Amino acid sequence: PGFCWCWPLALAMVLAISAISEQVQKVTGWCSRSSRRASHGGIAREISAEEEGTLFVDEGEEGGSTGSRYVAAPALLSLSLLGLATWFLTTRYFGASPSRVRPADEEVDEFVLQGGWKQQQVKGIIQQHGMYGVSLGGWLCLEDWLNSGWHGSVVSTVSPPGQGQCLPPLLKHVDWSSEGLLVKKLNDTYGKDYAIQAISAYRASFVSEKDLDEIAASGLKWVRLPLSWVTFADALAKIYPATYGRHDPMNDEVIVPDPFWKKHAFFVTVPRKMLLDFLHQAHKRGLKVLLDIHNSPGGSQRGTYNGIWPLEPMFWKAKTNLSPRVPLTKLGLLIAEEMIHWIESLEPELQSAIMGVCLMNEPGHMNALSRPFAGEEQILSWLAMAADIYRKSRLPRQNIKLYMSLIHTAFKNEAQTAIPWYHRTFSVEERKTWLVAEIHYYQAWNGDCDGSTKWGASSYQCGEARSKGIAAGCAYGAASSFRQQWGAETQIAVNEFSLSTFSEIDF
């Protein structure tokens with residue numbers, strides 16, 4: 001009875017937390033639940049006349065932010081007072097000690113950690129719906145939004161400056177947009193040794209043997225492994241021995257430049273030994289691996305995974321900025337050829353662990369939906385040449401299939417260009433045996449299928465009965481459409497898909 005001060009205090013706490021959170025985020029930001037990043041300066045856009053294409057450069061303040069020392073102190077004091085206020089409210093008015101309050105999802109997390117029905121449920125879903133594999137995206141080919149922490153808001157970054165905030169375990173306080181620009185920033189700021197160490201530590205910790213155990217235990221049989229083109233950078237030593245031929249590709253991690261964006265994007269090579277170890281571990285668990293070249297020199301797609309984003313993709317139309325100047329498309333063929341020759345050289349046991357290869361992931365992605373950077377016929381011509389390298393190798397006879405990635409975002413009308421080209425270029429026998437049409441399907445960008453609350457057109461809550469109907473109906477409808485478009489004789493694999501309800505995680 002009488003007036004209770006708890007509600008005004010609670011309102012004051014909410015307002016104070018909001019204000020302080022905003023100040024702390026401006027000063028430190030968040031990379032993960034347990035770490036915050038250093039303050040950086042604004043994003044400056046520069047137009048580079050030195051190289052063909054547009055350059056966006058993230059310019060940070062040197063030596064950190066002195067302002068952070070002055071703002072952080074009162075912020076920490078305020079947070080301490082808020083902690084006392086929280087304790088007072090929960091014990092005095094709500095009758096519970098914070099130490100005894102258990103979040104509702106904590107119990108679920110224990111079930112997940114301990115296995116039990118959760119793992120069996122996942123295995124049942126996999127078996128029921130014919131799911132065969134999982135992709136280890138973001139491991140050996142970086143994507144910024146996979147390491148964006150609280151800062152990230154969009155599934156697949158679409159505009160500068162990017163969403164990368166960290167790269168554990170060493171990098172907890174760094175803004176980055178793509179792999180090539182991140183390595184350049186680390187090299188310029190801390191030196192090449194630290195840049196290599198940071199990338200190497202991430203690669204060593206991101207995927208473990210435990211992950212492979214869980215994949216196998218879930219009933220999955222295949223693992224897709226996206227690779228940066230620098231996994232086979234030594235292939236370019238045939239033309240540029242001084243730049244790409246001075247390291248041991250089996251064991252060394254060294255920094256090499258992008259052959260077009262040679263002053264703005266650098267990469268750390270992936271040692272072949274890492275791939276060999278992964279194949280051994282996968283084979284031990286009965287898993288098959290799809291090796292996927294996920295990006296190309298100069299950038300062959302528009303997206304952060306291309307390694308040079310937000311720089312302009314130049315693979316399709318430009319020559320290298322090294323001497324001699326050769327078309328970037330030629331370098332792409334050399335890289336594809338090198339991977340095929342490397343697989344041919346493996347012992348039979350390791351070859352049996354490889355289910356297939358993809359010689360270019362999503363060629364020309366976003367070409368038809370944004371500023372064009374490639375000719376459609378040029379994309380198809382390159383894919384035909386790359387497929388011919390595979391056709392003449394021993395891989396078709398070793399039951400290692402070729403996955404041909406064709407994405408609708410590259411073509412104004414895929415049904416009238418890419419699909420007829422596919423049928424003309426490859427015989428029925430090839431399409432039935434060693435060639436697979438690789439399709440990527442995302443409901444998150446489909447206005448009729450997504451569950452967004454932002455636009456409200458198809459909004460639903462996960463768990464509602466109708467949400468399952470919408471998602472399943474769209475998925476089955478898409479599968480039926482794919483089969484009708486590509487034909488009964490074509491092998492089809494949906495190697496990327498998502499039931500994420502919307503591309504913006506807040507909606």
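Two strands are taken to pair if DSSP finds at least two bridges between them, and in this predicted model six bridges join strand S4 to strand S7 (residues 288-293), the two running parallel. Within this pairing, Arg224 stands opposite Leu290 in S7. Strand S4 also pairs in the parallel sense with strand S3 (residues 133-135), here over three bridges, and Val223 of S4 is the bridge partner of Val134. Of the six residues of S4 (residues 222-227), five are buried, so this strand is largely enclosed by the rest of the structure.

The largest nonpolar core holds 91 residues, among which Leu225, Met404 and Leu406 touch the most other members. Helix H10 (residues 328-344) gives the most to this core, contributing 10 residues. Apart from this core lies another one of 15 residues, which includes Leu142, Trp176, Val183 and Ile196. When residues up to four places away in sequence are not counted, Met404 touches Leu383, Ala387, Trp421, Tyr422, Phe426, Leu435, Val436, Ala437 and Glu438.

Two of these contacts of Met404, Leu383 and Ala387, are among the buried residues of helix H12, together with Ile379, Leu380, Trp382, Ala386 and Tyr390. An α-helix has 3.6 residues a turn, so residues three or four places apart point the same way. The buried residues of H12 pack against H10, strand S8 (354-358), strand S9 (401-405) and helix H13 (418-425). As for the length of H12 (residues 376-391), its 16 residues should span 22 Å at 1.5 Å a residue, and the end C-alpha atoms are 23 Å apart, which agrees.

Aromatic rings were examined next, and the structure holds 18 aromatic pairs. One of these pairs, formed by Phe315 and Trp316, is edge-to-face, with 4.8 Å from centre to centre and 85° between the planes, and both Phe315 and Trp316 are buried. Tyr422 and Trp486 likewise form an edge-to-face pair, at 5.0 Å centre to centre and with 90° between the planes. Because Tyr422 lies in helix H13 and Trp486 in helix H15 (residues 465-486), this pair ties together parts that are 64 residues apart in sequence. Buried residues are those under 20% relative accessible area; Tyr422, with a value of 0%, is therefore buried, and Trp486, with a value of 2%, is buried as well. Tyr422 and Trp486 belong to one aromatic cluster that also contains Tyr390, Trp421, Phe426 and Trp434.

Key
Residues are numbered from 1 along each chain as its sequence is written. This is a predicted model: local features need pLDDT of at least 70, side-chain atom pairs count only at pLDDT 80 or more; totals for chains, interfaces and linings use all residues. Side-chain values use heavy atoms; hydrogens and water are left out. A nonpolar core is a set of buried Ala, Val, Leu, Ile, Met, Phe, Trp, Tyr and Cys residues joined through side-chain atoms within 4.5 Å. Buried means under 20% relative accessible area, exposed over 50%, partly exposed in between (1.4 Å probe, protein chains only). Helices (H or I, at least four residues) and strands (E, at least two) are DSSP runs, numbered from the N terminus. Contact means heavy atoms within 4.5 Å. The expected span of a helix is 1.5 Å times one less than its number of residues. Rings of Phe, Tyr and Trp (its six-membered ring) pair if their centres lie within 6.5 Å; planes under 30 degrees apart count as stacked, over 60 as edge-to-face and the rest as tilted.
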